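Biologist: Before I rely on the labels attached to this model, I would like to hear how each one was reached. Could we take them in turn?

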Amino acid sequence: MEMTRARFEELVAEALDNVPADLLGLMNNVVVLVEDRPPPGEPDLLGIYEGHALPDRGWDYGGVLPDRITIYRLPTLAMCQDEEEVIEEVTITVVHEIAHHFGIDDARLHELGWG
């Protein structure tokens, strides 16, 4: 599947727009980015959350750079056959990484169907 970076970024933005506003309002000090390729050694990685999950932040949390949610374009496109599949996969990945921001681990996400 081929898709421009601009279109892929639009799909990520649309996935974020579909997250309930109340939930987005609870997110704190986090940025969502799109990159073409994941880190070396992880060619199939679709997204990653890097930072301090909300439940892990203590009284001394402050003055830190924003947490990062990165969605990887090329591995996502490689696993999809058409734009509809890309939309579905981007949505799942965005929700999955946002859940990590709230401290939900992979095992629980798989139980909930967002693995």
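Predicted model: local features only at pLDDT ≥ 70, side-chain atom pairs only at ≥ 80, totals over all residues.

Modeller: Residues are numbered from 1 along each chain as its sequence is written, and side-chain values use heavy atoms, with hydrogens and water left out.

Biologist: What makes E9 and R5 a salt bridge?

Modeller: The term requires a side-chain nitrogen of Lys or Arg within 4 Å of a carboxyl oxygen of Asp or Glu. The closest N and O atoms of E9 and R5 are 2.9 Å apart, so the pair meets that definition. Both residues belong to helix α1 (residues 5–17), where they are 4 residues apart, about one turn of the helix; helices here are DSSP runs of H or I with at least four residues, strands are runs of E with at least two, and both are numbered from the N terminus. A search of the whole structure finds 9 salt bridges.

Biologist: Why is E10 called partly exposed?

Modeller: Buried means under 20% relative accessible area, exposed means over 50%, and partly exposed is in between, with a 1.4 Å probe and protein chains only. E10 has a relative accessible area of 42%, and therefore counts as partly exposed. Its salt-bridge partner R7, with 2.9 Å from N to O, is also placed in the partly exposed class, at 23% relative accessibility.

Biologist: Which class do D67 and R57 fall into, buried or exposed?

Modeller: D67 has 1% relative accessibility, so it counts as buried, and R57, with a relative accessible area of 15%, is buried as well. These two form a salt bridge in which the closest N and O atoms are 2.7 Å apart. Because D67 lies in strand β3 (residues 67–72) and R57 in the loop between β2 (47–50) and β3, the pair ties together parts that are 10 residues apart in sequence. Elsewhere, salt bridges that share partners join R5, E9, D36 and R73 into one network.
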